[in-house]
Structures are given as structure tokens and as C-alpha cells.
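Have a look at the structure first, then read on.

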Amino acid sequence: MKTYKNLKIIDHPLIKHKLSIMRDYRTSKKEFKELLDEISMLMAYEITKDLPLKEVEIQTPLKKTKSYMIQGKKIVLIPILRAGIGMIDGILKLIPSARIGHIGIYRDHNTLRPITYYFKIPADSKHREVILLDPMLATGGSAIASVEKLKEIGIKKIKFMCLVAAPEGVENFSKVYPDVMIYAAALDDRLDELGYILPGLGDAGDRLFGTK
Ligand code: PRP
Ligand code: URA
């Protein structure tokens with residue numbers, strides 16, 4: 001398997017197990033969402049490993065002690081609509097104070113080109129670390145367009161987190177943004193002629209929201 005410098009697969013038995021259930025076409029909408037919450041939380045735990053800490057002094061019931069807390073501004077979570085929304089709840093369980101922005105993008109069914117229809121993020125995001133969220137990295141068009149918009153307004157610290165990535169998407173994304181790390185639960189085989197990831201898990205938005 002080809003390796004990519006800016007791709008990190010979060011390799012964990014629980015994530016693998018849960019993702020297998022998500023891939024199964026018989027999995028219900030309810031369970032699909034619950035599993036997406038759980039995997040997102042597990043992945044966020046790993047991805048935030050490098051958050052800076054500051055030393056603080058705490059008074060326990062017994063004595064004063066030095067301890068640690070997260071330093072700096074709260075991170076910003078930015079889901080790519082629609083399916084990225086499904087990743088927010090799980091991460092908020094770990095980082096309840098995270099700020100939240102939204103980017104609305106869909107793929108034109110014929111050209112597979114990304115169409116942006118909404119962009120609203122916290123005003124001071126350029127001073128914060130941003131985690132961009134979408135379960136699927138297929139051609140990479142949606143993720144590339146999103147990063148482009150974030151960079152345009154001066155955001156420098158960006159991580160992209162997805163569940164399933166296609167090699168084509170990783171390749172395209174890495175060519176344009178080799179400086180942005182992609183975190184994925186799995187790197188799949190390829191895209192089909194309609195731009196779906198194989199084996200993938202189908203249309204993430206439709207399975208999440210029950211629209212098909
Ligand atoms: C899906 C998915 C990603 C995008 C990935 O969204 O949630 O945003 O496709 O494909 P790409 O890497 O080729 O851009 P979709 O376009 O189906 O929009 P929707 O969630 O609004 O239905
Ligand atoms: N978007 C999805 O939701 N699924 C795919 O397989 C590809 C793009």
C-alpha cells in the first residue's frame with residue numbers, strides 16, 4: 001500500500017470494529033449515527049494528543065499541587081455539511097467548549113465538482129486550531145475547497161478528520177495541501193465511476209439523515 005506523508009490512519013481495534021458495523025448495509029440509521037459519534041470521539045482523542053498544556057496550581061481537598069490544563073484558545077470544529085454534522089456530538093463529549101463553524105458543500109452529481117453554498121465560522125478562528133470534519137474523502141474536492149476557504153481568511157492550523165479516505169482523494173488533497181494532516185479511520189481501495197468509495201459505506205449523508 002502506498003504511504004502518504006500527510007495521512008495518518010488512526011489504527012485502533014475499537015475503531016476498526018465500529019467502522020465495520022457502519023459499513024454493513026443492514027446497519028440502521030440510529031446505529032449508524034451512534035457509531036459515528038463513538039468513532040469521532042475516539043479519533044478526536046488521538047488527534048488532540050498534541051494540544052499544548054500549561055501548568056496550574058490546584059488545591060485538592062488535601063493539599064496544593066501542580067497540575068496541567070489545556071493552554072490557549074478553544075479549538076474550532078468545522079463540519080462539512082451535511083455528513084460532517086454527524087461527527088460533532090461525539091467530539092463535543094470530549095471537548096465541550098469547542099467552537100463550531102459550518103461549511104456547506106455538495107458534489108455536483110455529474111461533474112463531481114464541489115459547490116459551496118454556506119460558510120459561517122467563528123470570527124476569531126484564525127487565532128485558533130481548526131479541525132475540519134467529513135466522514136468521506138472521495139475525490140477530495142470538498143475537502144480541498146473547504147481548506148481553500150479557511151486559508152483565504154488566514155487560518156493556519158488546520159487538521160482534516162475523516163472516517164473513510166480513497167487513495168484518489170488523499171493524492172489530490174496532498175498535492176494541493178501537503179501541509180494539512182489528514183486523519184482517517186481507513187484508507188479504502190478506490191473510487192467507482194460515480195465517485196463513490198469502494199468498499200466504502202455508501203452515501204454518508206443519506207445513511208445519517210435517512211434521505212434515501
Ligand atoms: C459527500 C461527503 C463529502 C463529499 C466527499 O457529500 O459527505 O462531503 O461527498 O466527496 P469528494 O471528496 O469527492 O468531494 P455530498 O456531496 O454527497 O453532499 P451532501 O452530504 O450534502 O449530500
Ligand atoms: N460521498 C459519500 O457519502 N460516499 C462516498 O462513497 C463518496 C462520497
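## Two ligands, one pocket

Ligand 2 sits in the largest pocket, and that pocket is also the space taken by ligand 1. Sitting in a pocket here means that more than half of a molecule's atoms lie within 2 Å of the pocket's grid points. Keep in mind that this is a predicted model, where local features need pLDDT of at least 70, side-chain atom pairs count only at pLDDT 80 or more, and totals for chains, interfaces and linings use all residues. Residues are numbered from 1 along each chain as its sequence is written, chains are lettered from A and ligands numbered from 1 in the order in which they are written, and side-chain values use heavy atoms, with hydrogens and water left out.

**The pocket**

- The largest pocket holds about 570 Å³ of space, a volume being the space filled by probe spheres set on grid points that are joined across faces, edges and corners.
- A pocket is an open set of points on a 1 Å grid over the protein atoms alone, where a 1.4 Å probe fits and protein lies on both sides within 12 Å along at least five of seven lines; lining residues have an atom within 4 Å of a point.
- Its lining counts 27 residues, and Tyr106, Arg107, Ser142, Asp203 and Gly205 lie nearest the centre.
- Elements giving two or more residues to that lining are β4, β6, β9, α4 and α6; helices (H or I, at least four residues) and strands (E, at least two) are DSSP runs, numbered from the N terminus.
- By class, the lining splits into 13 nonpolar, 8 polar and 6 charged residues, where Ala, Val, Leu, Ile, Met, Phe, Trp, Tyr, Cys and Pro count as nonpolar, Asp, Glu, Lys and Arg as charged, and the others, Gly among them, as polar.

**Ligand 1**

- There are 14 residues around ligand 1, and Arg107, Asp134, Thr139, Gly140 and Ser142 come nearest (near means a heavy atom within 4 Å).
- β6 (102–107), β9 (136–137) and α4 (141–152) each supply at least two residues of this shell, with β6 giving the most, 3 residues.
- The shell of ligand 1 divides into 7 nonpolar, 4 polar and 3 charged residues.
- For polar contacts (pairs of N or O atoms within 3.5 Å; within protein, one must be able to donate a hydrogen and the other to accept it, and residues adjacent in sequence count only if both atoms are side-chain atoms), an oxygen atom of ligand 1 is 2.7 Å from a side-chain N or O atom of arginine 107.
- Taken alone, ligand 1 exposes 500 Å², and the protein buries 91% of that (Shrake-Rupley areas with a 1.4 Å probe; for residues, only the protein chains shown count as cover).

**Ligand 2**

- Around ligand 2 you'll find Arg107, Met136, Ala138, Gly195, Tyr196, Ile197, Gly202, Asp203 and Ala204, that is, 5 nonpolar, 2 polar and 2 charged residues.
- An oxygen atom of ligand 2 lies 2.8 Å from a backbone N or O atom of isoleucine 197, and a backbone N or O atom of alanine 204 lies 2.8 Å from an oxygen atom of the ligand.
- With glycine 202, a backbone N or O atom lies 2.8 Å from a nitrogen atom of ligand 2.
- Ligand 2 exposes 240 Å² when taken alone, of which the protein buries 89%.

- Most residues other than glycine have a negative phi, and most peptide bonds are trans.
- The bond from leucine 81 to arginine 82 is cis, with omega near 0°, and arginine 82 is in the loop between β4 (76–81) and α3 (88–94).
- Another cis peptide bond runs from leucine 198 to proline 199, with omega near -5°; proline 199 lies in the loop between β13 (197–198) and α6 (204–209).
- Leucine 112 has a positive phi, near 65°, and lies in the loop between β6 and β7 (114–120).
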